[in-house]
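Here are my notes on this model, written up as numbered points. Have the coordinates open while you read.

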Amino acid sequence: MAAAHPTDNPTPQHRERSVLSLTKYIPYPSVPHAGGQYVLAHDRALRGVANVTNLAPNIPLNREALPLVADGPPAALLDGAPLDGMALKLWRLESVLAGSSIYWPVRRLFAGDRAPWKQFAEADAIEFQWSEMIALAPAVRRRLPNIPLIGIGHDIVTQRLDRQAAGAGSALRRALLRFAAARSRKREAASFAALDLLIVLSEKDADLARSLAPALRVEVVPPGLSPNDPLPRAPHADEPIVLFTGAMNRPENSDAAIWFIDEIWPRVHEAVPKARFVIAGAKPSDTLAAKVASSPRASLTGFVDSLEPYYAEASVFVAPLRSGAGVKFKTIDAMLRGVPTVATSVGAEGIDAPELFAGLSDQSAELADAVIASLKSPDEELTRKAQEWAESVYGVDAFEQRIRELYADVIDTK
C-alpha cells in the first residue's frame, strides 16, 4: 500500500481503538463531490471514538487525493496495478453489470490472500463507504467473522438503476439497466446481510435497505452538513445568479444541467434577461460544455477550491435532478446557506419538508415559474424557515454525537 499520511489522534481514552475504512474515494478538504464531503464529516466525528485509516482503490482520483489529505485520517491505496484509461472504463462498466460492486480487480484482491488481512485483523471495526465498497463485506466476513462490519449507504444503488432504466431512451439501454438493477438487488441484499450495522441518510433509504435485508440493523443518521465558515449572503441584484453544483462527470448531474438548459432556462432567461445560470462543478463532459457554450448567459466553472462564494452570490439554487438516489447533499447545502431552493422530486429526495422549497415540481414550466418568482420577488421568510429547519436536522453536533454512539455500541458489544 502507498505511504500513509499524518492524522490527528483521538482522545486518549479511545487511543487503542482503530477503524479501517474501505472507501471508494479518499476525502480531502477541497473534495468537489458531496459524498467526499460527507466522508470528511464522518471522519471528524470518529475522532472522538477511534483512529481511522482510509483505504481506497488505486484510481486517478485517489492518487490525486493522497497529497491533499492534510490533517485528516491516514490514507493509502489498496495493492494492485493502477486502474487507468480504457481499462478503468471497462471495469466501471463491468462493475455496473455485476450489481454495482466495486471494480473486479479490487474484488479479486479480497478473494485471495493479498488483501491487507493482518491490518484488518488488528482493527476494532471495519467500515465500508458507499454501497459499491459494501460489496466487499461478505469476503471480509468470511475471513474475519468476529470483527464488527459497518456500512455507510450513501444511497441504495438498486433504486438508482431502476430509475435510470425507467428513463432510458433506447430499448437496449433500458434492458441493460434493468439487468443491472436485478443484479444490484441481489448483490446489495447479500452485501448488506454481511454487516453488523448499515447507516443510511434517510428513512426512505432505511425502508429500501430493510426490504433487501430484513434482518439487518439499519440506523438513520442525517448527514452533518452545517458549514464551518459560510460567507455572508451577497446575491447580485443587477445580474442575479441561478446556481447548480455537483461533480459534472456524474451522469445524473450532467443530465440535470442539460435538461435545465434545454427545458427551463429559456423561459427564465426570457422573463429575467439579466439573470445568469452558473454550473459549479468539476469534469463536465464535452456535451455539457458545448450545450453551455451555446446557451445565453450560462457558464461552467470547472473545478473550484470552494463553493462558498457561489452559494453566497446565488439568488436561487436549482436541483433539477431526474435520476440518482439518496439524500441530495447539494440541496441541503443550499438551504443551510440561506439560498432559495427550487428542485424536482428527485432533487428534494430524503428532505422531509416539501413546504420549505421555493419550488418543487417535476414539470419544467412549473420549475421555471418558481425560479422566475424567486428571482423577481424572493420569499425571505420561507427561506429563513428553510435554513432554520436544515440547521435543526442536519446540524454537525447531533450528527457527530450519533455517529460516535453507534460506533461505540457496535465496537463494544461485538
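1. **Ground rules.** This is a predicted model, where local features need pLDDT of at least 70, side-chain atom pairs count only at pLDDT 80 or more, and totals for chains, interfaces and linings use all residues. Numbering starts from 1 along each chain as its sequence is written, and side-chain values use heavy atoms, with hydrogens and water left out. Helices (H or I, at least four residues) and strands (E, at least two) are DSSP runs, numbered from the N terminus.

2. **Helix α15, length check.** This helix covers residues 364–376. The expected span is 1.5 Å times one less than the number of residues. For the 13 residues of α15 that gives 18 Å, and the end C-alpha atoms are 18 Å apart, which agrees.

3. Which residues of α15 are buried? They are L367, A368, A370, V371, I372, S374 and L375. Here buried means under 20% relative accessible area, exposed means over 50%, and partly exposed is in between (1.4 Å probe, protein chains only). The buried residues of α15 pack against the strands β8 (241–245), β11 (314–319), β12 (341–343) and β13 (359–360), and against helix α11 (251–271). Contact is taken as heavy atoms within 4.5 Å.

4. On a 1 Å grid over the protein atoms alone, a cavity is a set of points where a 1.4 Å probe fits but cannot get out, and lining residues have an atom within 4 Å of a point. Grid points are joined across faces, edges and corners, and the volume is the space filled by probe spheres set on the points. The count comes to 3 cavities of 30 Å³ or more.

5. **Salt bridges around E132.** A salt bridge is a side-chain nitrogen of Lys or Arg within 4 Å of a carboxyl oxygen of Asp or Glu, and the model has 30 of them by this rule. E132 pairs with K24 at 3.4 Å, N to O. E132 sits in helix α6 (residues 131–134) and K24 in the loop between β1 (18–23) and α1 (34–46), so this pair links parts of the chain 108 residues apart. E132 counts as buried because its relative accessibility is 5%, and K24 is buried too, at 14%. R160 also forms a salt bridge with E132, at 4.0 Å, N to O. R160 lies in helix α8 (residues 157–166), so this second pair ties together parts 28 residues apart in sequence. R160 is buried, as is E132.

6. **Other salt bridges.** D255 forms one with R322, with the closest N and O atoms 2.9 Å apart. D255 is in helix α11 and R322 in the loop between β11 and α14 (329–336), 67 residues apart. Are these two buried or partly exposed? D255 is partly exposed, with a relative accessible area of 28%, and R322 is partly exposed at 43%. There is also a network of salt bridges linking R163, K204, D205, K328 and E349.

7. **Positive phi.** Most residues other than glycine have a negative phi. S100 has a positive phi near 60°; S100 lies in the loop between α3 (85–97) and α4 (104–111) and is buried, with a relative accessible area of 4%. K283, not a glycine either, has a positive phi of about 55°, and is found in the loop between β9 (276–280) and α12 (286–293).

8. **L149.** This residue is in strand β5 (residues 149–153) and is buried, with a relative accessible area of 0%. L149 and I126 are 23 residues apart in sequence and 5.1 Å apart in space, C-alpha to C-alpha. Not counting residues up to four places away in sequence, L149 touches I126, F128, A137, V140, R141, A194, L195, D196 and L197.

How values were computed
1 Å grid on protein atoms, 1.4 Å probe; cavity = no way out; pocket = protein on both sides within 12 Å on 5 of 7 lines; lining within 4 Å.
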